[in-house]
Amino acid sequence: MYDTQTGLRAFSASLIPQLLEISGERYEYEMRVLLECARRGIPIREVAITTIYIDQNAASHFSTVKDSYRVYREILRFSAASLLSFLTDYGFYTIFSLLTTHFGVPGSIWISNLSARVISASVNYTLNRRMVFRSKTSLAKSILQYMILAGIIFVGNTLLLSFLVLFLDGIVILQKFVQSWCFSLSAGRYSAA
């Protein structure tokens with residue numbers, strides 16, 4: 001999208017109940033609406049319009065610093081939650097890998113990945129539900145949805161990690177580094193569903 005903050009929006013009347021659930025004011029609200037629509041898979045279409053400024057846009061209420069902070073704060077919250085979740089996942093995986101070497105490579109990978117993922121998923125879910133999305137969805141429903149997604153990602157992640165280590169003779173910690181980061185980003189998007 002070229003300009004996410006034009007202030008000009010058109011929504012289907014059927015979306016009004018969902019839009020009323022989103023908190024925020026002004027530009028902060030607009031950014032949250034875009035993030036929430038993307039998260040829920042609601043299509044967003046950009047339409048080119050002609051922009052007309054009267055008196056060099058003297059009537060604009062946009063405060064460059066204050067409103068930019070509100071817009072980017074949402075993106076930074078999500079990024080910070082993803083980074084912290086990644087560091088948690090990678091750090092605990094490394095610790096558990098060192099503690100479980102006596103189980104052999106396949107056993108160590110599964111035990112270490114599961115242990116680290118349970119801890120990091122808890123961190124990721126909590127941060128995203130409370131700080132990023134501030135979801136009002138029922139706790140039981142959102143935890144169930146998150147656990148299903150995290151479980152699918154965990155199985156795929158562990159199988160891929162095992163394949164890379166066993167068949168490509170790779171470096172486990174480096175491969176886990178990449179996978180932890182991908183998990184943090186993908187699972188975080190759905191933690192407040």
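Trainee: What is the relative accessible area of Met-131?

Mentor: This is a predicted model, in which local features need pLDDT of at least 70, side-chain atom pairs count only at pLDDT 80 or more, and totals for chains, interfaces and linings use all residues. Residues are numbered from 1 along each chain as its sequence is written, and side-chain values use heavy atoms, with hydrogens and water left out. Met-131 lies in helix α4, residues 104-132 (helices are DSSP runs of H or I, at least four residues, and strands are runs of E, at least two, numbered from the N terminus). Buried means under 20% relative accessible area, exposed over 50%, and partly exposed in between, with a 1.4 Å probe and protein chains only; Met-131 is partly exposed, at 37%.

Trainee: Which residues is Met-131 in contact with, leaving aside its neighbours within four places in sequence?

Mentor: Contact means heavy atoms within 4.5 Å. Met-131 and Arg-77 are 54 residues apart in sequence, yet their C-alpha atoms are 7.0 Å apart in space. With neighbours within four places left aside, the contacts of Met-131 are Arg-77 and Thr-126.

Trainee: Is Thr-88 buried or exposed?

Mentor: Thr-88 lies in helix α3. Beyond its neighbours within four places in sequence, Thr-88 is in contact with Ile-119, Ser-120 and Val-123. Its relative accessibility is 13%, so Thr-88 counts as buried.

Trainee: How many salt bridges does the count come to?

Mentor: A salt bridge is a side-chain nitrogen of Lys or Arg within 4 Å of a carboxyl oxygen of Asp or Glu. One of them joins Asp-89 and Arg-117 at 3.1 Å, N to O, linking helix α3 to helix α4 across 28 residues. Asp-89 is buried at 0%, and Arg-117 is buried at 4%. By this rule, the count comes to 3.

Trainee: Which residues are linked in a network of salt bridges?

Mentor: Arg-40 meets Glu-21 at 3.7 Å, N to O, and this pair links helix α2 to the loop between α1 and α2. Arg-40 also meets Glu-36 at 2.6 Å, N to O; both lie in helix α2, 4 residues apart, about one turn of the helix. The network consists of Glu-21, Glu-36 and Arg-40.

Trainee: Which residues make up the largest nonpolar core?

Mentor: A nonpolar core is a set of buried Ala, Val, Leu, Ile, Met, Phe, Trp, Tyr and Cys residues joined through side-chain atoms within 4.5 Å. The largest has 6 residues in all: Leu-15, Leu-19, Ile-22, Val-33, Cys-37 and Ile-42.
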